[in-house]
Amino acid sequence: MATCLCDAFYDDVACATVEVLEHLGCTVEFPEGQTCCGQPAFNGGDWTASRRVVRHAVRTFAGSCPVVVPSGSCAAMLFHGALLEFEREPDRAAVEDLGRRAWELGDFVVNGLGVRTWPGRYAARVAFHRSCHSRGTASSAAAETLLGSIAGLTLIPFGEGEQCCGFGGTFSVSFPTISGSMGKLKLEHLRAARPEVVASGDMSCLMHLGGLAGKEGRPLRTRHLAQILRDSLRHGGSPS
Amino acid sequence: MKEQPIDRFAAELEASRRSAVYEGTKATHEKRTRHLAARFAEADVLRRTAGEIKQHVVEHLDRYLPEVEVKLRQHGVGVHWCSTADSACATVLRILQARGVRRLVKAKTMLGEEIGLAGYLERHGIESVETDLGEFIVQVDRDHPSHIVRPIIHKSRREVATTLERIGLGTYDDDPSTITQRIRSHLRGKYLAADAALTGANFISVESGRVVIVTNEGNSRFCLAAARLHLVLVGIEKLVPRDRDLALLLNLLARSATAQPLTVYTEFVAGPRASGQADGPDEMEVVFVDNGRTEMLASDCRDILRCIRCGACLNVCPVYRQATGHAYRSVYPGPVGAVLSPLLAGSRFPEWADLPKASSLCGACNEVCPVDIPIPDLLLRLRARGKQEGGPQARIGTLPMGLWSWIAARPELWRAALRAGAALDLLPLRLAPVPALRAWSKDRDLPAWRGGAFRRWFRHRSRL
C-alpha cells in the first residue's frame with residue numbers, strides 16, 4: 001500500500017519502498033485500485049465514511065500477501081483503528097484478516113523478514129523522529145536497528161523525543177495554534193541536535209515539520225526511512 | 001474554518017502562564033519516567049496488571065459494592081448511596097445538619113469539585129475550608145483547579161503572594177516557605193475549630209474495608225485530628241478487591257502523579273475511633289457517588305473508570321501543555337478530562353463534544369497511564385458519538401468526509417483527483433477554495449504535487 005500521501009506528494013518514498021523490498025528478494029505488487037486507508041474520516045469521527053474506504057481497501061488487497069506500508073500511521077489504521085470501527089460490523093473478519101497482514105515497512109523488514117543489518121553506506125548524522133502511531137509497536141525499534149547498522153550513519157538523540165510533531169491529520173488544520181506550537185517546539189529540539197537529515201517512518205510527520213520549517217525560510221532536510229535504506233544501497237555513501 | 005474553543009484559548013493564553021505549565025508538567029513527566037525505570041525493569045507489565053485489576057473491579061461492581069458496604073458497616077461506618085451530584089450534595093448536607101455541623105475542613109477531592117460541593121455547602125450556611133494548599137488558593141481566589149494533582153499549576157508564586165496579602169495573611173512576600181508557613185498557621189485555627197472533616201478516598205479495599213487517603217501535605221491527618229465526624233466522598237469505581245492490590249496501585253500512583261516512590265502521607269482508615277484509641281473522629285460516614293458512572297460502565301468507554309486520577313496523562317500531553325487546564329472548561333482537564341467530561345455531562349454531552357477533538361491522537365497518554373487506559377481509542381469513540389449526536393460543538397473545524405470517502409472508494413475518480421491536484425501548484429494557497437488548505441498554508445508550506453507519479457513509475461518499470 002503506497003499511502004495517499006505518497007500517491008499525491010511523495011512518489012519517491014513509494015519508489016524507494018519498492019526498491020528496498022526488491023533488494024530483499026520480495027516480488028512487489030501494486031494493486032492499481034488502491035486509494036487510502038480510511039484514517040482521515042476515522043479520526044474525524046465519521047466512521048460510516050471511513051468504513052466505506054476500509055471496505056474498499058479490503059477488496060483491493062484481498063488475498064494472502066503481506067501488505068507493506070511505508071507509514072506507521074496507515075499500518076496502525078489497518079491493524080488497530082479499523083478494528084475499532086468494525087467492532088459491530090458483519091464483515092469484521094475480513095478487516096481483521098487485512099489487519100493481520102498489514103505491516104509497517106521497518107517492522108516488516110526486521111521482524112517479518114528477520115533482517116537486522118543494512119548494507120551500503122550513508123554518511124550523515126540522522127535524527128530519527130519516532131512517529132506517534134508506532135508507539136506500542138515494534139516499528140521505531142526496527143527502524144533504529146536498521147539505521148544504526150548502516151555504515152557512516154550516526155543516529156543522534158534530541159530533546160523530548162517522545163513528543164508528537166503536532167500533525168495529527170485534520171488536527172493540524174482544526175487546531176492550527178496548538179499544532180503549530182507543537183511542531184515548532186519539535187523543530188527547536190531537532191535543530192539543537194544539529195542533524196544533517198531528519199528521518200521518520202511516516203511522511204505525515206515530515207510533511208508537517210518540513211512545511212513549518214520551509215515557511216520559516218529555514219528548510220529542513222527530511223528523508224523517509226525507505227529513502228535512506230535505498231540510498232544506502234544505491235549511492236554507496238552520500239545522501240541523495 | 002470556525003475556531004475550536006480550545007485552540008482559541010491557547011492562542012489567547014499569556015506566554016508566562018503557558019511556560020509555567022509547560023515547564024512544570026515536563027519536569028514531572030521526565031522525573032516520573034526516570035524513577036519508574038530506576039525501580040521497575042518492567043514498568044509496562046505493572047501498568048497492565050494494575051489496569052487489569054481496576055478493569056476487573058469496574059466490571060464486578062455489582063458484587064464488590066455490597067461486599068464493601070458490609071465490611072464498612074462492620075467497622076461502624078455509615079454508608080450512603082447517591083446516584084446524582086444533587087443527591088450527593090444533599091446527602092452530605094443532611095449528614096452535617098443532623099449533627100449541627102457549622103464548620104467543615106476539607107481535604108482535596110476531585111469528586112467534590114465534580115459535584116460542586118463546596119459552593120453548595122456555602123449556600124447552605126456551612127463554612128467549608130479547603131486545606132490542600134493549592135485548593136485553598138483556588139477557593140479564596142474563586143478560581144478553578146487547572147490540574148488534577150496540582151490545582152494551581154497555572155499560577156505563579158507572585159500571584160499566590162498577592163492573594164495572601166489580599167486575604168490578610170501578612171504583607172506581600174513571595175518566598176515559597178513564607179507562603180507555606182502563613183497558610184499553615186492560618187489553617188491550624190480552622191482544623192481546631194472544625195466540627196467535621198471531609199476527605200476523598202484514593203482507594204477502598206473490599207477485603208478489609210480500609211479507606212486509603214494519600215496526601216503530601218499531611219492535611220487530611222490534620223483534618224481528622226480534631227473533627228468529631230469524618231465524611232468520605234468517593235466514586236463507586238474507587239474499589240480494589242484486596243489489600244495487597246494496594247501495594248501495586250500505591251507504588252504506581254505516587255510515581256505517576258508526582259514522581260515520588262510513595263506519597264509523604266498514606267493513611268489507611270478503618271472506621272471511626274475505636275474504644276481504647278486516644279484520637280480520631282467519633283463517627284465516620286462514607287458517601288458513594290455514581291453521578292453518571294453506571295452509564296459510563298454501560299458504554300463503550302467503560303475503561304475510563306479505571307482512572308486513579310494521577311494526572312500523568314496531563315503532564316505528558318502536548319495539547320494540555322500548550323492549552324493548559326482551563327481550556328477544557330471542566331473539572332477534569334487534559335486527555336482524561338476530554339474523555340470524562342463529555343461522559344459525565346449525560347444528556348448535555350453535545351456541549352463538550354469538541355473536547356475529544358483536542359488531541360493529535362499521539363498516544364503519549366496511554367503510554368504513561370498507570371492503569372493502561374487506551375485514551376486515544378476512547379477519544380475516537382467519543383468523536384464517532386459526537387458525529388452522531390454532538391450537534392454544532394462536534395462539527396467545529398471538522399472536515400466533511402462524505403465526498404472524500406465516496407471518491408476514495410472509486411479508483412477511477414481517485415486517479416482523476418490525483419491528476420487534478422496538480423492545480424494546487426498553480427494556485428496561491430491562501431486563496432484556495434478549501435478551508436483546510438488555507439489553514440494548513442498559514443504556517444506551513446505544501447510540498448509540490450506529484451499526484452500519480454509513483455503509479456506511472458511503477459507501470460513503466462513493470463513493462464521493462
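1. Helices (H or I, at least four residues) and strands (E, at least two) are DSSP runs, numbered from the N terminus.

2. Before going on, some ground rules: this is a predicted model, where local features need pLDDT of at least 70 and side-chain atom pairs count only at pLDDT 80 or more, while totals for chains, interfaces and linings use all residues. Residues are numbered from 1 along each chain as its sequence is written, and chains are lettered from A and ligands numbered from 1 in the order in which they are written.

3. Which residues of H4(B) are buried? They are Tyr64(B), Val68(B), Lys71(B) and Leu72(B). These four cover an arc of only 95° around the axis, which puts them on the same side of H4(B); the arc is taken from the directions from the helix axis to the C-beta atoms. An α-helix has 3.6 residues a turn, so residues three or four places apart point the same way. "Buried" means 20 or more other C-beta atoms within 10 Å of a residue's own, "exposed" means 12 or fewer, and "partly exposed" is in between, with C-beta atoms placed from the backbone.

4. The buried residues of H4(B) pack against helix H3 (43-59) and against strands E1 (78-82), E5 (203-205), E8 (239-240) and E10 (283-289) of chain B. Contact means C-beta atoms, placed from the backbone, within 7 Å. On the face turned away from that buried side you'll find the exposed residues Asp62(B), Arg63(B), Pro66(B), Val70(B) and Gln74(B). After H4(B) comes Gly76(B), with a positive phi near 85°.

5. Thr3(A) has a phi of about 80° and sits in the segment before helix H1 (4-8) of chain A; it counts as buried because it has 27 C-beta neighbours inside 10 Å. Arg309(B), at about 60°, is in the loop between helix H13 (293-298) and helix H14 (312-316) of chain B. With 19 C-beta neighbours inside 10 Å, Arg309(B) counts as partly exposed.

6. Take a look at Ala107(B), in the loop between strand E2 (103-106) and helix H6 (110-115) of chain B. Ala107(B) is buried, with 26 other C-beta atoms within 10 Å. Leaving out residues up to four places away in sequence, Ala107(B) touches Gly200(B) and others, including Thr131(B), Asp132(B), Ile213(B) and Cys223(B).

7. Finally, the chain contact: how many residues does each chain give? Chain B gives 52 residues and chain A gives 54. H18(B), residues 375-389, is among the helices that give two or more residues to the chain B side, and the largest share, six residues, comes from H18(B). That side divides into 30 nonpolar, eleven polar and eleven charged residues (Ala, Val, Leu, Ile, Met, Phe, Trp, Tyr, Cys and Pro count as nonpolar, Asp, Glu, Lys and Arg as charged, and the others, Gly among them, as polar).

How values were computed:
Contact = placed C-beta atoms within 7 Å.
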